[in-house]
Amino acid sequence: MIRRFWVFIHRWTGLLMAGFLLIVGLTGSLLAFLPELDRAINPGLFATERPEPRLTPGDIAARAEALVPGARVHNVNLGDPGRAEVYVAPRGGEDGESLEPGFNLLYLDPYTGQELGRTNWGEITQGFSNLMSFIYKLHFELAMGMWGVWILGITALVWTLDCFVGFYLTLPAKWKVSAGQGRHDCGGEGAESGWWTRWMVSWKIKWKSSAYRINFDLHRAGGLWLWAVLLIFAWSSVYMNLWDTVYTWATRAVLEYKAPWTELPGRENSDAAPRLGWLEAQAAGDKLMAEQAQAHGFRVEAPVSLSLDSERGVYAYTVRSSLDIQDKRGKTQLFFDSDTGAFRLLLLPTGQYAGNTVTSWLYALHMANVFGLPWRIFVCLTGLVIAMLSVTGVYIWWKKRRARKVSAARRKKLEAACPVATQHEEVLG
């Protein structure tokens, strides 16, 4: 009875998630090679890399605002080699009206500050150049904004729980006891050997079988062989979409975990312009980061981003440091007051708080940004497996549903042809 209940749960949660997991699986396979695909599609949005030093994020932000007076910069990212990504929002005019720049992302040469291009990130209607950002948007939010974020966040949470249900259902339903043996064999060596033998079937695929059996084996064995990886991607997806609610609550229940939304309170007047400009913020960030590096024993390798969090009244300065585990970019973060430059918070990717270290690994694994090319290929293939599990799950449900309908139709014909015999059969059964 308990197993039938979990079969029911697995079946219907799987059907509800199938379409969403098919989308995120296929798009995730492409995003494992996002930088390379984006560069191939948009070579003009990347500058030639050279040994000379890059401009700082503060310099780039100041140049962007001078270049486009109607734009207010809120984030500069130097994570991708060959270009600086400047995210902008409309700037308020003197009459109180918003000055709309007509785009939300500006690409600049990180060495000279020269403009490379501008676009509305993720808007596929603007052309093929936005293909990869649209795929990213589809993967993260179904290209539906916050509604999509919540839909995929809830899907990820259900997926995480269903990983355990699916694993349970691969286990043998009962202990098998041979004829003539007593109940005492259930705990003996022979019964244990039989249980393991029966479970091993769940790990195998019978290729020389019916289409239904092959699909069933692919679904069961595929989920079993990659169970730990699927759980990592499911739970890291909860972090991506429900970071400040479910993920934070769950992580803080078992580990020490700190984040901007848990440590930095919001301020009332979030629309007020910061007193520190971008160049001043860059200087303050460099000074504070050097102090923290000395105090905590890490080495700053390169700046990654500088962003303004108006809601909390802080600048967030991110660098790559010797504590980072990612192959590229970095997650060593420092937060300081946007008006006074006073230190507010330091978050290290590893070695500071256990919850943050776990989160850093989840993020790096999900983003295919660790262990080099082999892991990126593996993530690409995992995305295809996720899509396969969704398709085979729906196929299995459809075949079983069809079989039940055929069985019911045959039973009705039998009842119509010989109702007395059918009733007698029911009594005997």
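This is a predicted model: local features need pLDDT of at least 70, side-chain atom pairs count only at pLDDT 80 or more; totals for chains, interfaces and linings use all residues.

I started with charges over rings, meaning NZ of Lys or CZ of Arg within 6 Å of the ring centre and within 35 degrees of the ring normal. Lys258 lies over the face of Tyr353, 5.5 Å from the ring centre. I also noted Arg3, whose charged end sits over the ring of Tyr168 at 5.6 Å from the centre.

Residues are numbered from 1 along each chain as its sequence is written, and side-chain values use heavy atoms, with hydrogens and water left out.

Next, ring against ring. How many aromatic pairs does a search of the whole structure find? I got 23 aromatic pairs. For the rings of Phe, Tyr and Trp (its six-membered ring), a pair needs centres within 6.5 Å; planes under 30 degrees apart count as stacked, over 60 as edge-to-face and the rest as tilted.

I picked out Phe167 and Trp227, a tilted pair with 5.3 Å centre to centre and 50° between the planes. The pair links distant parts of the chain, 60 residues apart: Phe167 is in helix α5 (residues 146-170) and Trp227 in helix α8 (residues 227-241). Helices here are DSSP runs (H or I, at least four residues) and strands likewise (E, at least two), numbered from the N terminus.

Then I checked accessibility, where buried means under 20% relative accessible area, exposed over 50% and partly exposed in between (1.4 Å probe, protein chains only). Phe167 is partly exposed at 29%, and Trp227 is partly exposed at 21%.

I looked at Tyr315 and Phe336 as well: their planes are at 25° and their ring centres 5.6 Å apart, so I logged the pair as stacked. Tyr315 lies in strand β7 (residues 314-321) and Phe336 in strand β8 (residues 332-337), so this pair ties together parts 21 residues apart in sequence. Tyr315 is buried at 1%, and Phe336 is buried at 0%.

Back to Phe167 and Trp227: both belong to one aromatic cluster, along with Phe164, Trp195, Trp196, Trp199, Trp203 and Trp225.

Last entry, Leu384. I found Leu384 in helix α13 (residues 372-417), partly exposed at 42%. Leaving aside neighbours within four places in sequence, Leu384 is in contact (heavy atoms within 4.5 Å) with Gly25, Leu26 and Ser29.
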